[in-house]
Each structure stands twice: as structure tokens, then as C-alpha cells.
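This report describes selected features of a two-chain model. The sequence and structure are shown first.

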Amino acid sequence: MRGDRILQVTEVSKSFGGVQALLNVSFAVHKGEVFGIIGPNGSGKTTLINCITGFIKMDSGKVLYRDKDISNKDPNKIANLGLTRTFQIMRPYYSLPAYKNLVIPLFSPRARKAGGWRGGGKLGDRETVSIDILEEIGFERDSFVPYKLASSLPTGYLKRLELARCLALRPDIILCDEVFSGLSMSEIASMVPLIEKLQMDGITLVMIEHRLRELFRVANRVMVMNFGEKLTEGIPEDVMNDDKVKQAYLGSEKLLDYTFEG
Amino acid sequence: MDKVERRKERLDRGIKVRTEGIYAVSSLQEVSYLVLPRLVLIVGLLILPFLMPNLYWNSVICTVGIYALLALGFDFLAHFVGLVSLGGAFFIGVGGYTAAILNKSLGLSPVFTIPMATLGGAIICTLLLLPALPLRGVYFAIVTLMYPLALKEIIVALNILGGTDGILGVAGFPNIWIEQYLIILIVIFALFGLRRLVNEDIGLVFRGVKDNDQSVRASGLSITLYKAIAVFIASGLGSLGGAYLSHKHMWSGISQFALDFSVLPIAATVIGGGGTLVGPVLGCFFLVPISEFLRAFGTLRIVFYSVILTAFIMFRSEGFMVYAQRKYHQFQRWVKV
């Protein structure tokens, strides 16, 4: 299961004015694993992803991807190396149909190198390839769904579209920013096998998540953050029994007891 | 009796749906549904010079063509790339001066100066606008508005490139017919070329930049690069118009940096319908002649002009072409709620 370190984050710090969003966060992700990042609201999880993928310039620290320094590079260059991300608040191209949404990532240098000048190489043009990717991610091929405007798709499909955009780049890692949030229970239930399938395809996943039950089904290791700092890291069972984690999530045990008694 | 509440329902015409796929070639009716509007536009533009009563109106056609190129560039940048550009005067001025300099100092004929000024002007404009490309909306607009004003003042203050007199004695066109058909053909090619471009894969990237630029970056594409390409195309169209203008007037001067070139294309886009590309062209064919007609009123001209513009914005804010396309593709009916 465990391969080489594909992503190594060392001592990343970031502050917005007086708010210390991240303080010396370090972790490593191994090839082929699902790595979960959890923490209460405002603990700096999304900022961490923004820093790794170059959308926010970090104050200090280092990000190594395949032993190559990618700290503070442009987001498009990082994406072209195979390190892709989804957005928590979905960012599709609302004025375009779903399948045309994918033509844009298929136009990127990385996808073009992989697929020849028409985008799909032998597979066809970019629109054919994008329908293939959409089918893989759960858009029914022969229905009207892939042809609908992104603005008229429900959240579940938009979350999938976010993943599809990453897949179009033929990524090595996908950093998923809350793919389960805002979904109904049945939508989540159909999303979990998808994540498992991606992992089986050899894609490394880093998942920020609030839905712990679903995350623990797929995650190999979990890191907990609070107030911009890393609390602990380990396999899901150990992490959730950690006192520091309980404190961060629920407040201290004592306080909890007191509240119940009072 | 209760009042029956009704609402309007809009449906695509059957023929529109039928002509969307390969079935368009199935019958003459379907083919003509697709081809006729385009044919009317092209043929209409081509016979327009013959319909003009005198030489003065023939010359107006040429002016309209220049504005149409600017309006195309504005519509492309604003509605397909998300950059609001007030740089019409900038593009015209750079293209015009480049053509005039090439013609006067190197003695090249218009056959060479116009393409060279188009390319050169586009390169100069893109390079100068490169620092402004991360800006969006009104901030980008202000920078593009600043350049023509600044360049004009620099030319006057340093007395370079002929100063306030401009560059005189630029070669003209052999006759009025070549002059007219050159610009009309350029406008037709630019219009259909741009329409083709925005539906290609790279056009989708442009629309993506407008819709969601962060997402384009996450897709591994540099937004600065694609904005630069788009500005290159739009400024190329403007510079082409400028080069043509220099040869048409046989003169290049600071009045080519006049703000008319920035403002009128925007008005034409409002009237013609933004995002349709053909709308702004038709808008120019409406606005420029109106402005010529109103010359008779002297300084009151601008008042009438404003009234027409205001009326359009109030009663047909979507623009003529958006309205016309809707009527062509859809029908309306009243249905009970």
C-alpha cells in the first residue's frame, strides 16, 4: 500500500494580517494513499490547500512534490505537474454545458501532451473525451445530463464536475476540498465508491472533510488541525481517541460534563 | 368571475431544433433557415456601396467599417473574455501611426503597411497592456482609457511624430471602390472569423476566463496568457482599422487618439446587443449614419444622440440582435397559469 512520498509539506506558515491561518504545518503524503485532513471550522484546512496549489502565496515553508520544490509556483504550473485540486465552493463555468466545461482542462499543456493535438489523440476530439470522463465520474452518457448547462445542475453533479476537471488533467494527486459537503445521504453513498475507484486507479487523494464517517471509510491516514496548527496524525481510530482531538472538536471533556450536569 | 391569470411562454421553433444537428441538410427549408440570415447580411454589406447617393456617403461606409472593427473587438473582449476595454482610441492611434511611419519612412505601399501595422500595432498594444492584464472590470477599463490620453500628450509635448500637425502625405487608396470593399471584406472576415473562434476549444477557454478565472488556473492554463492572446486579437482588429484610417485620410495625427473611437463602439454594442458579435457591427451601421444625419442640427447633435441612446437602454436594453435572434428562433404564446 505505502509507496514513496509524493508530497512533502514542511513548516508552512501563512498569516492574513493579524490572523495566523497556518503555523508550521508539516506532513507527508505517500503515493497511492487517501490522506484525510480534518479539523473544526476555521482551522486552516482550505488555506493549506490554497498554499500547496499556489493559489495563495505562503509566508514561509516548503512544498516538495516528487522531490521537486513547487513552493509558491503559479497555480497553473502546479496543476500541469499533476497536482490538482477541487474547490469547496464549486467553480464550474456556469454559462457552458457540463461537457464543454471539461474542454478547458483538456486544452491544458499537460492534457494535450498526453492526448495529442486534438486533445483525445486516437480517442477522438476533446468533446468526445470529456463525455468519456463524465461517464466515468457518474454522468449518465445517454441522458441529457452531460449536455445541460452547468448553471442548471444540482450540487451533486457540480461536485462530480469538480472531480472531473481534475481527472481531465490526468492527475497524480487530487486535493479534494470537501467533496461530500452539501450532498444528500444518497449522493454521498454514491460518491464513496467513486473515491475508492480513484484510489484503485492509482491516484493519490488528499481529502479535507467534515463528514468523518464517510472519510474514515476511505482514508488510510488522517491529520487533525486546529487554529492553524497540526494537532496530530495517524490512522483514523487512533486519531479519534486522541484527547487533544476530542478537545478541539467538542470542547474539553470536563466542560462537557459540567454542561450536562448543570 | 375570477380573472384568468396568464403568462407568456417561449418555445423554440421546431425548425430551430431540427437545424441543430446533422439533420439541417435534410431539406431546403432547413438549409435556408440557417443560411438566409447570414446571406442577407453578407449580400447586404456587399451591395451597400451601390446604394449610397453620393461620394460623401461612400466615405461614411468606410468610417462605419472602422468603428465596426472596434466594436467587434470590444464585444469579443467584454462578452467572451471578461475584459472591459476602453482602448479603441489606443488601438486606432497605434495602428494609424505605425502605418503612417512605415509608409513615410520606408516607402512601403498600403499592401504591406496595413498587414504590418496590424501585427505591429497588436504587438505594441498587447505589450503595453500586459501589466494591466491581472486587473479586471473597471480597473482594466481605466488603464486602457489612460493610454490614448497619455500617448497623445507625449506626442504633443515632445513634438515627435509630427507633433500637433501629424504625419502628412501618407499614400492613399487608388479609388473609393477599393477603399469601400477593402473595409467591408475585412469586417465580414473579422466577424465570421471571431464567431468561429469563440466556438472553438480556445474560445471556450476565453469564455472560461470570463466565467471563472480561478477555475481556469486550476485547470492548468495561464489566465494571463489567454487574456494576452485575446487582447492581441482585439487590438489587432483596432490597429487594422487605424492603419486603414491613416491611408484613407492620407494623414495620421493626434485626433486618431480621440475618445470617439473608445466610446462609440460601446454604444454600438449596447444598441446591437452584446455577446452576439454581429449586433455591434449592425449597431455601428445604425449609429454612425445617425450621427452624420444629425450634423444638420449643429451642437444639438449630441442631445439627439443621447436621447436615442437613452431610449435604447430603457426600452430595448438587451440590444437589437438579441431581440431579433429570439424572435427568429422562438415563438411566444399566452398560457393559463
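## Basis of the model

The structure is a predicted model, in which local features need pLDDT of at least 70 and side-chain atom pairs count only at pLDDT 80 or more, while totals for chains, interfaces and linings use all residues. Residues are numbered from 1 along each chain as its sequence is written, and chains are lettered from A and ligands numbered from 1 in the order in which they are written.

Helices (H or I, at least four residues) and strands (E, at least two) are DSSP runs numbered from the N terminus. A residue is buried if 20 or more other C-beta atoms lie within 10 Å of its own, exposed if 12 or fewer, and partly exposed in between, with C-beta atoms placed from the backbone. Two residues are in contact if their C-beta atoms, placed from the backbone, lie within 7 Å.

Apart from residues up to four places away in sequence, B:Tyr67 touches B:Leu264, B:Pro265, B:Ala268, B:Cys284 and B:Val288.

Two packed helices are described by the angle between their axes and the distance between the axes. Here the axes are lines fitted to C-alpha atoms, for helices over the stretch in contact, and angles run from 0 to 180 degrees between N-to-C directions. Angles under 35 degrees count as roughly parallel, over 145 as roughly antiparallel, 65 to 115 as roughly perpendicular and the rest as oblique. For contact composition, Ala, Val, Leu, Ile, Met, Phe, Trp, Tyr, Cys and Pro count as nonpolar, Asp, Glu, Lys and Arg as charged, and the others, Gly among them, as polar.

The axes of α3(B) and helix α12 (residues 278–293) of chain B come within 8 Å and cross at roughly 140 degrees, so α3(B) is oblique to α12(B). Among the contact residues are B:Val60, B:Val64 and B:Tyr67 of α3(B) and B:Val281, B:Cys284 and B:Val288 of α12(B). By class, this contact has 13 nonpolar, two polar and two charged residues.

Helix α11 (residues 260–272) of chain B also packs on α12(B), with axes that come within 7 Å and cross at roughly 110 degrees; α11(B) is therefore roughly perpendicular to α12(B). This crossing, too, is right-handed. The residues that meet include B:Leu264, B:Pro265 and B:Ala268 in α11(B) and B:Val281 and B:Cys284 in α12(B). The contact divides into 11 nonpolar, four polar and no charged residues. With helix α14 (residues 320–329) of chain B, the axis of α12(B) comes within 8 Å and crosses at roughly 120 degrees, an oblique arrangement. There B:Val278, B:Gly279 and B:Leu282 in α12(B) meet B:Phe320, B:Met321 and B:Val322 in α14(B), a set of five nonpolar, one polar and no charged residues.

## Contact between the chains

In the interface, 17 residues of chain B are in contact with 23 residues of chain A. On the chain B side, α8 (201–211) and α9 (213–218) each supply at least two residues, and the largest share, seven residues, comes from α8(B). The chain B residues divide into six nonpolar, seven polar and four charged.

B:Arg217 lies in helix α9 of chain B and is buried, with 22 other C-beta atoms within 10 Å. Leaving aside neighbours within four places in sequence, B:Arg217 is in contact with A:Pro75, A:Asn76 and B:Ile223.

## Local features

Helix α1 (residues 45–52) of chain A is mostly covered, with eight of its eight residues buried. α1(A) is followed by A:Gly54, whose phi is positive, near 85 degrees.

Most residues other than glycine have a negative phi. A:Asp67, however, has a positive phi of about 60 degrees; A:Asp67 is in the loop between β4 (60–65) and β5 (68–69) of chain A and is exposed, with 9 other C-beta atoms within 10 Å. B:Asn159 likewise has a positive phi, near 55 degrees. B:Asn159 is found in the loop between α6 (137–158) and β2 (167–168) of chain B and counts as exposed, with 10 C-beta neighbours inside 10 Å.

Notes
A crossing is left-handed if the near helix is turned anticlockwise from the far one by less than a right angle, and right-handed if clockwise.
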